[in-house]
Each structure stands twice: as structure tokens, then as C-alpha cells.
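Here is a friendly briefing to read alongside the model. Please keep the viewer open as you go through the topics below.

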Amino acid sequence: MSARDSDVAPVTLTVVNGPDAERTWTMRRPGSYRIGRGADCDVHLTDQSVSRVQCELQIDENGYQLIDASSRWGTQVNGRKIERVELQSGMLIDIGDTQLRVTLAVQPQSTMAPRQVMPVSPKPAAPISTPRRVQSPPATTSMVIDAAMLPDESPPVGRTVDLNALVGQRFMQYRVDAVIARAASGMVYRAVDTRDNRTVALKIFWPALFEDEKVSARFLRSMQAMLPLEHEHLVKLIAAGRSQNLCFTASEFVDGESAAQLITRVGIAGMLDWRTVWKIALGLSKAVEYIHEKQVLHRNLRPHNMLIRKSDGSVKLGDSMLAKSLEQLGQDKVTQRGEIVGDLYYSAPEQVSGGVVLDQRTDLYCLGAAIYALLTGKPPFLGGPAELINQIMNVPPEPPTKTHLTIPASLEGVVLRLLAKHPDGRYANATLVRRDLERAGRLEGLT
């Protein structure tokens with residue numbers, strides 16, 4: 001293909017999921033186009049989980065190349081993490097919490113072998129009723145850790161299930177009805193468990209996340225810790241495991257929206273009424289109090305994982321894939337030094353500094369960061385990875401009342417104490433947080 005303008009077929013990027021949903025950009029000339037949340041990017045996204053410069057689209061005589069710009073969380077195309085890939089029409093690009101669809105006016109001649117896709121078998125696996133001990137399986141086994149080992153349904157080596165084509169099909173015993181969300185970690189569907197005709201939220205994680213057996217081990221341990229937990233403010237995990245080379249969870253279906261969506265949708269400049277935030281914060285503190293009593297760290301407390309039920313406004317804490325039993329700390333450390341677990345914007349100083357010993361106060365910092373975002377419409381700190389880490393470790397957050405004047409001092413005090421740099425400066429446990437939130441509500445006449 002010639003690099004002359006007249007020979008270049010326009011390429012269009014359309015946001016199909018994320019804060020900028022339905023926005024489109026069309027590139028008609030050869031050149032390099034930067035994609036990210038930086039103001040000077042050609043494709044400028046408002047998604048705060050996207051890097052300032054996430055990736056670059058190059059159009060030249062070789063076709064349409066997408067190149068990751070060494071972004072913090074990586075760029076995925078059709079569910080696979082990439083460094084460079086040739087784009088074709090219909091491909092889906094996942095960056096942060098945003099998904100873009102590629103549309104080419106004319107399909108270019110590909111210089112790369114197409115990726116083979118294995119459709120999902122419509123026949124669900126038959127569960128065995130006798131529970132078995134959970135172990136980290138080899139890559140070819142199928143596992144459900146709420147029930148039993150299942151027959152091997154893994155696709156041939158080199159093939160993978162197309163997560164974007166599951167709607168209308170079955171995955172194991174689940175009939176996949178609709179996409180709920182697309183994120184950097186995987187796809188979430190509304191599905192029906194055909195064993196008991198129950199609606200569930202089925203999450204299937206991108207295969208690239210679990211290519212390392214250590215990560216699979218961490219996932220299975222987390223699920224094992226979370227399965228027995230039940231609380232009114234916790235999304236109930238029903239089943240989890242690995243099948244067809246894919247890790248998945250099936251959870252209680254919550255008909256509503258995430259706190260992140262609420263921030264975007266409601267209020268002036270994305271800020272919520274502080275009374276709504278107080279109610280959400282109180283429910284979350286009760287959920288965190290409960291899981292800590294059960295010796296479990298959540299480690300992924302952020303607005304995207306906080307679900308607000310439409311029927312009564314009740315909050316439920318979800319996405320427990322990063323949970324880990326406190327009793328395992330000091331034993332087989334699945335998390336290695338230098339790893340940063342969870343979303344960086346809502347990570348505690350001890351997480352970003354590379355320390356391996358985390359405790360309940362780490363979750364409390366993350367809870368404070370999420371409440372801060374609900375009050376102000378943004379996390380405590382913004383910036384590129386290096387700048388962000390420096391701020392989390394060294395810079396005091398601006399008081400929420402600087403942007404939201406009606407916040408009571410008692411509620412602001414709880415949030416700022418949760419965001420103390422050193423764990424000793426925070427609350428010692430979630431029970432104290434819950435009590436102070438209740439006290440703040442009583443002072444303002446709330447129950």
C-alpha cells in the first residue's frame with residue numbers, strides 16, 4: 001500500500017465501552033497518532049486509568065500498526081497483550097477501562113498470520129457433586145473450586161476462546177446473555193446458570209493475565225478465601241476456577257451501576273451529594289470490617305468495584321480476585337517484591353513502594369481513596385506513573401472541601417485520616433472507621 005494520501009484507507013476508532021462511549025476518531029492520512037489521556041494526544045480519552053500516552057497508531061506503506069507506548073498496564077487487542085500488532089477491521093482495543101473498535105474503510109493486505117479463534121462449545125460441563133481439594137492445575141485442566149474437577153475442555157494449543165463472541169453461547173453451564181462491562185482485567189457478562197436458572201455476573205479474565213502459573217495460583221487462593229464469605233454489603237462469589245484455559249468467576253448479579261459510573265453520571269463536575277457518599281462509605285466500611293474479621297485482605301478497593309443496587313441504593317463491594325488470606329502472609333508469598341497489586345490510583349504508599357507486608361490498614365487507605373473520589377470526582381492524585389507514585393508516597397492530598405464545600409468536617413476528617421501516608425497514622429481497623437462514620441452521620445442528623 002502506498003503512503004500517498006489518496007492510497008490510505010481511513011481508519012476509525014470508536015469507543016464502545018468506557019467514559020468516552022460512542023466517541024469516534026477517523027485518521028485519513030499517513031503518520032503517527034498518539035492515543036491516551038494526555039491533552040496533546042490525537043485520540044484524547046478522559047479515562048483516568050489510561051496512561052497519558054498509552055499507545056500509538058502508525059499508518060504507512062506497511063499498513064496500520066498499533067504500538068504500545070510502554071504503558072503501565074499494557075495494551076490489549078482482541079484479549080491479548082501486545083507490543084506491536086497490525087490492525088484489521090473489527091478488532092477490539094482494550095486500554096484501561098476503555099474499549100475501542102477498529103473500522104477500516106478498506107481491509108489492508110495483512111502481513112501477519114491471523115489469530116485463530118476457537119468458538120465456545122455449547123455443551124456445558126457436567127459437575128460432579130463431591131467437593132475436592134483445590135490445587136493449582138496444569139494449563140490443560142478445567143476446574144471449578146465450588147464443586148469439583150471437570151472434564152478437560154481446553155482448546156488446542158495456540159487457540160483461545162473469543163471473549164467478544166460469547167454472547168448467545170454457553171461457557172460451561174452458563175448461558176451468556178449480554179455484556180455488562182469490559183475492563184483491563186476481562187469481560188463481565190450477565191449470564192444464567194442453567195443448573196438452577198439463576199442470573200449471575202460471569203467474569204472471564206483475559207488469557208494473557210494468567211499465562212504465569214504464579215498468577216493462577218494467586219487467583220485460586222483468592223477465590224478459595226472468598227467463597228465462604230457472605231455479607232449484605234459484599235457481592236456473593238458463587239463459583240470460580242479455570243476451564244478452557246480461562247480463569248473465571250460467577251457472582252451474585254447486582255442490578256445497578258458502579259460507583260465509578262455514578263461519579264461520571266451524577267452531580268456538578270462529577271461530584272455526588274455528600275449524604276449519598278456517606279451512605280456508600282458506611283456500607284463499604286461494614287463490608288471491609290466483615291472480610292477483615294474473616295482474615296481476608298481485599299486489596300482492590302476502587303469505585304469500579306463498588307456496585308450500587310438500583311432498587312434500594314444499597315452498596316455492594318465486588319471484584320475480589322485480589323483478596324488474600326491474612327494467615328498466608330509470611331508463608332508462601334505469592335505476591336513478590338516490586339509488584340503493585342490493584343489500581344495504582346487507589347493504591348497505598350506501602351503498595352507502590354514495593355513492600356511485601358500488607359495489612360488491614362492498606363485496605364483502609366484504598367477505601368479512603370475511593371471515598372475521596374466519590375466526594376471530589378477524582379482520585380487523591382493524578383499523573384503519570386512516576387509522578388503518581390511520588391505523590392502517593394510524599395504529597396499530602398488536598399482536603400476534599402477545597403472542591404466540595406458542603407462536606408462536613410467530621411466526614412472529611414475520616415477520609416483524611418484514612419489517607420495518612422504511614423499505616424500508623426490511619427485507623428487501626430475498619431470497626432473504628434465504621435464507628436466514626438456513624439458518628440459523623442449522627443452529627444448531621446443521618447441514620
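The protein's secondary structure comes to eight helices and 26 strands, where helices (H or I, at least four residues) and strands (E, at least two) are DSSP runs numbered from the N terminus. This is a predicted model, in which local features need pLDDT of at least 70 and side-chain atom pairs count only at pLDDT 80 or more, while totals for chains, interfaces and linings use all residues. Residues are numbered from 1 along each chain as its sequence is written, and side-chain values use heavy atoms, with hydrogens and water left out.

**Overall picture**

- Of the 447 residues, 53% count as buried; buried means under 20% relative accessible area, exposed means over 50%, and partly exposed lies in between (1.4 Å probe, protein chains only).
- Among contacts with a separation of 6 or more, 58% are between residues 24 or more positions apart, a contact being heavy atoms within 4.5 Å.

**The five-stranded sheet**

- Five strands make an open sheet with mixed pairing, in the order β4-β3-β5-β6-β9; two strands pair if DSSP finds at least two bridges between them.
- At the edges are β4 and β9 (84-86), each of which pairs on one side only.
- Strand β3 (residues 31-36) runs antiparallel to strand β5 (residues 55-60), and five bridges join them.
- Along that pairing, Gly-31 has Ile-59 of β5 as its bridge partner, and Arg-34 stands opposite Glu-56 in β5.
- Strand β3 also runs parallel to strand β4 (residues 43-44), joined by two bridges, with Val-43 in β4 as the bridge partner of Ile-35.

**Aromatic pairs and a charge over a ring**

- A search of the whole structure finds five aromatic pairs; rings of Phe, Tyr and Trp (its six-membered ring) pair if their centres lie within 6.5 Å, and planes under 30 degrees apart count as stacked, over 60 as edge-to-face and the rest as tilted.
- Phe-171 and Phe-248 form an edge-to-face pair, because their ring centres are 5.5 Å apart and their planes stand at 75 degrees.
- Phe-171 belongs to strand β16 (residues 170-171) and Phe-248 to strand β21 (residues 246-252), so this pair ties together parts that are 77 residues apart in sequence.
- Phe-171 is buried, at 0% relative accessibility, and Phe-248 is buried at 0% relative accessibility too.
- Phe-210 and Phe-219 are another edge-to-face pair, with ring centres 5.1 Å apart and planes at 70 degrees; both residues are buried.
- Phe-171, Tyr-174 and Phe-248 form one aromatic cluster.
- Tyr-427 has the charged end of Arg-417 over its ring, 4.0 Å from the centre; a charge sits over a ring if NZ of Lys or CZ of Arg is within 6 Å of the ring centre and within 35 degrees of the ring normal.

**A loop residue and the cluster**

- Arg-195 is found in the loop between β18 (186-193) and β19 (198-205).
- Arg-195 counts as partly exposed, with 39% relative accessibility.
- From C-alpha to C-alpha, Arg-195 and Tyr-174 are 8.4 Å apart in space, and they are 21 residues apart in sequence.

- Three strands form an open sheet in the order β22-β24-β25, with antiparallel pairing.
- The edges are β22 (256-258) and β25 (315-317); each has a single partner strand, so one side of each is left without a neighbour in the sheet.
- On average, neighbouring strands of this sheet are turned by 25 degrees against each other, direction ignored.
- Three bridges connect strand β24 (residues 306-309) with β25 in the antiparallel sense, and Met-306 stands opposite Leu-317 in β25.
- Helix α3 (residues 274-293) lies across β24 and β25 and runs at about 35 degrees to β25; axes are lines fitted to C-alpha atoms, for helices over the stretch in contact, and angles run from 0 to 180 degrees between N-to-C directions.

**Helix α7 and its cover**

- The buried residues in helix α7 (residues 409-418) are Leu-411, Glu-412, Val-414, Val-415 and Leu-418.
- Viewed down the axis of α7, its buried residues fall within an arc of 155 degrees, so they line one face of the helix; the arc is that of the directions from the helix axis to the C-beta atoms.
- Covering the buried residues of α7 are elements including α3, α5 (360-376) and α8 (430-443).
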